[in-house]
Amino acid sequence: MPNEVHRGACLCGAVVFEVETPLRDVVACHCTQCRKTSGHYWAASSVPHERFRLIRADGLVWYRSSPTARRGHCGGCGAALFWQPEGEARISFSPGALETATGLQTEAHIFTEDGGDYYAESTAAPATPGARLKASCLCGDCVLDLPAPSGPITACHCVQCRKASGHFSASFDVSEQSVHWQRRDGLAEYRSAAGGTRGFCRSCGSSLWFRAADGAFSVEAGAVDGPTGGKLAAHIFVAERGDYYSLDDAVPQFAGAEP
C-alpha cells in the first residue's frame, strides 16, 4: 500500500507543502521562541526531507531564530509553518496547517517551565505582572505595551487560527487605543475574507494581535514578555479543532463562538 500524502498550506495560499506518511506524533513546545512565533505555544510533527515537498513557496520567509535552527513562516499572512534544525535531514511542520485529518496524537509537551502563566500545561513559576504588560516579537522589530493584567484569555480552535498559529491561538481583549507601540518596524497585516485583520512581524513571523471586522481588538497571549496575570477562560470553535490533541483542562468549551 502506498504511503498517504497530506497537503498543508498557510492562510493565504502563498505557501503549500506536502508530507508523506509515516509522520512523527506531535510534540508541543512551550519555549519562549515557540510561544512568540505562534502567539500561544507551538506544536509540530516531523518528517525526513525525502518525504517533504514544497509545492508553492512564493510567500515563504526563513528566520534564523538561533545558531542551531531557523523557522519558516508565510510573509503574506504570517502563518507559522516550519522549524528546520541545522545539519539534520528532517523538517518539523505545523499540524495545524494540514488540510485533512492527521491521524496523529500529541506525544509530549516540552519546555513547560517556559510556558505562559495562563494555562494548565505550563509549569512556570508563579509571577505577578507589573503595571503594564510588554509584548514583543521574536526578533525585536515589534514592541508594544498595554495595561496589566490581561484579564480572561480565550483559546480559538477555528481553522484560520489553527493555520495562523500552527496549533491553536490564545488571546485577550484590550482597547486598541490603550496599546502603546515602542517599535513596529516589522509590523505586517493580513486581512481575511471574513474581514478580520491579523498583525504579525514580517521578519520573524511572530503573531501579535487580531482586529475583528467589528473593530474588537485582541493581543496574542504568547507575545507577552513575562506573566500576563490572566487565565484561560474559554475554548471556542472546538468543532473545528485538530484531531491530534484533546482538551481536558476543565475550561468551558463552545462548538462555535462564545455566547
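Predicted model: local features only at pLDDT ≥ 70, side-chain atom pairs only at ≥ 80, totals over all residues.

Student: What is the value of phi at alanine 250, and is the residue buried or exposed?

Tutor: Phi of alanine 250 is near 70°, and this is a positive value in a residue other than glycine. As for its surroundings, a residue is called exposed when its relative accessibility is over 50%, and alanine 250 has 79%, so it counts as exposed.

Student: Which loop holds phenylalanine 111, and how does its phi read?

Tutor: Phenylalanine 111 belongs to the loop that runs between strand 10 (106-110) and strand 11 (132-136), and its phi, near 55°, is again a positive value in a residue other than glycine. Its relative accessibility is 42%, which lies between the cut-offs of 20% and 50%, and therefore phenylalanine 111 counts as partly exposed.

Student: How many helices and strands does the chain have?

Tutor: The secondary structure comes to 2 helices and 20 strands. Strand 5, covering residues 52-56, is one of these strands, and arginine 53 is located in it.

Student: What does arginine 53 touch, once its neighbours within four places in sequence are left aside?

Tutor: To read contacts, we ask which residues have heavy atoms within 4.5 Å of each other. With those neighbours left aside, arginine 53 is in contact with Val5, Val16, Phe17, Glu18 and Glu20. Because its relative accessibility is 30%, arginine 53 counts as partly exposed.

Student: How many residues are in the largest nonpolar core, and which have the most contacts inside it?

Tutor: The largest nonpolar core has 62 residues, and those with the most contacts inside it are Phe17, Val19, Leu81, Phe82, Phe93, Leu146 and Phe172. Taking phenylalanine 172 as an example, and leaving aside its neighbours within four places in sequence, we find among its contacts Leu133, Leu146, Ile153, Phe217 and Val224. There is also a second, separate core of 6 residues, which includes Cys29, Cys31, Trp42 and Ala44.

Student: What can we say about the chain as a whole, starting with its radius of gyration?

Tutor: A compact globule with 259 residues would have a radius of gyration near 18 Å, and the chain has 17 Å, which agrees. Along the principal axes, the C-alpha atoms fill a box of roughly 60 × 40 × 35 Å. Of the 259 residues, 54% count as buried, and the chain exposes about 11000 Å², of which carbon and sulfur atoms supply 51%.

Student: How do contacts and charges look across the whole chain?

Tutor: Among contacts with a separation of 6 or more, residues 24 or more positions apart account for 62%. The chain carries 23 positive and 28 negative charges, and their mean positions are 5 Å apart.

Technical notes
Residues numbered from 1 in each chain as written. Heavy atoms only, no water. Core = buried A, V, L, I, M, F, W, Y, C linked by side-chain atoms within 4.5 Å. Buried < 20%, exposed > 50% of the residue type's maximum accessible area, 1.4 Å probe, protein only. Helix = DSSP H or I, 4+ residues; strand = E, 2+ residues; numbered from the N terminus. Rg over C-alpha atoms; globule rule 2.2 N^0.38 Å. Areas by Shrake-Rupley, 256 points an atom, 1.4 Å probe, with all protein chains shown as cover. Lys, Arg positive; Asp, Glu negative; His and termini not counted. Charge placed at Lys NZ, Arg CZ, Asp CG, Glu CD.
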